[in-house]
Each structure stands twice: as structure tokens, then as C-alpha cells.
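Trainee: I am new to this structure and would like a close look at a single part of it. Could you take me through one spot and what surrounds it?

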Amino acid sequence: AITKSALQNPLKIILDGNIQKVFELLEIRQVLESWAAERATEMATDQDIEKLEQIVSRMKEDFKKGNLGDKADVDFHLAISHATHNTILSHLMATWYQLLWDCQKISREKLFSKEKNKKLLLYQHIEIFEAIRDHEMKRAGEAAKRHILFVEEELKKYLNNAS
């Protein structure tokens, strides 16, 4: 008989309760997402740019309302992967969707404990979007990398203060 746990996402099982594995996921995201942002500057269609712009608008609304904005955050990163028009990356990100959403929710709860981080996270996403929209490859990759590094550093600070 197949048990429910056997059907769960294997990455979710690895990450549950193991904060070090979350940091490993952030390392992988840093590489993939900086590349994806760069690639999207070359490959994104007008439709892709419009989709990203709509998601950024949702993020701004979430920010104004004080919402966590975790769904819009994950949708943003997925939209960038789709804008690369790399089928493998799109499938990888889609497979990670629930895991990313879970991690985004947890990390946003922690990061939002500092009021200034809400504004910084919004600004970082806008910066990535604008670089992709303006076809500025280097700027897009660097902005995506800085964003993931920021999340990693802030999570480490939060954990150090919590212990």
C-alpha cells in the first residue's frame, strides 16, 4: 500500500524541520533565479512583461494592505522562470511551487518582523522586474542574486536573535 508520506514532495520532507536545508534551497535559488532573470531579459515577450507587471501591481497592493503577499511573491518568481522560455526550468519551478510557497510564507513572516524589510522586499522585486522589462541582463541577474542573499542574511539574523 502506498502511504500518504510516500506521495509527498521529497524536497518538502527533507526541508521539514531542518533550517540548514532551507539555506541550501536558497543557494540553489540564487544560482537559478539570477540566471533566469538574465535569460528573461533576452527571451521575455510583451505578454511575459505584462504578466510580471500585473504581479508587481498585486505586490504593491499587498504591501499597502499590510498583507504577507506570499502568493504574489511565488507567482513573480514563477513568471520569471516562464519568461525564460526554458521548458526544463519552468517545470522545475512548477514542481517546487508548493515548496516555494511554504518557504516564502515562513521567510516573509520572519522578515516582516522588521517593518523596513517589507519596503525593501517590494523594492527588490520592482528592481528585478524593471531590469527584465528594460532588457538589462547584468542588472537583472545582480538584482535577483541580491534579493536571495538579502533573504538569506535576514533569516540568519532572525534565527540568531531567536536563539
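Mentor: Let's start at Glu 127, which, apart from its neighbours within four places in sequence, is in contact (heavy atoms within 4.5 Å) with Arg 139, Ala 143 and Arg 146. A word on the source: this is a predicted model, where local features need pLDDT of at least 70, side-chain atom pairs count only at pLDDT 80 or more, and totals for chains, interfaces and linings use all residues. Residues are numbered from 1 along each chain as its sequence is written, and side-chain values use heavy atoms, with hydrogens and water left out.

Glu 127 sits in helix H7, residues 115-133; helices here are DSSP runs of H or I with at least four residues, strands are E runs of at least two, and both are numbered from the N terminus. Its side chain meets that of Arg 146 in a polar contact of 2.8 Å. Such a contact is a pair of N or O atoms within 3.5 Å; within protein, one must be able to donate a hydrogen and the other to accept it, and residues adjacent in sequence count only if both atoms are side-chain atoms. Glu 127 counts as buried because its relative accessibility is 15%; buried means under 20% relative accessible area, exposed over 50%, and partly exposed in between, with a 1.4 Å probe and protein chains only.

Leaving aside neighbours within four places in sequence, Phe 76 is in contact with residues including Leu 52, His 125, Ile 128 and Phe 129. In soluble globular proteins, nonpolar side chains tend to be buried together.

Finally, step back to the whole protein. The protein has eight helices and zero strands. Of its 163 residues, 44% are buried. Among contacts with a separation of 6 or more, 75% are between residues 24 or more positions apart.
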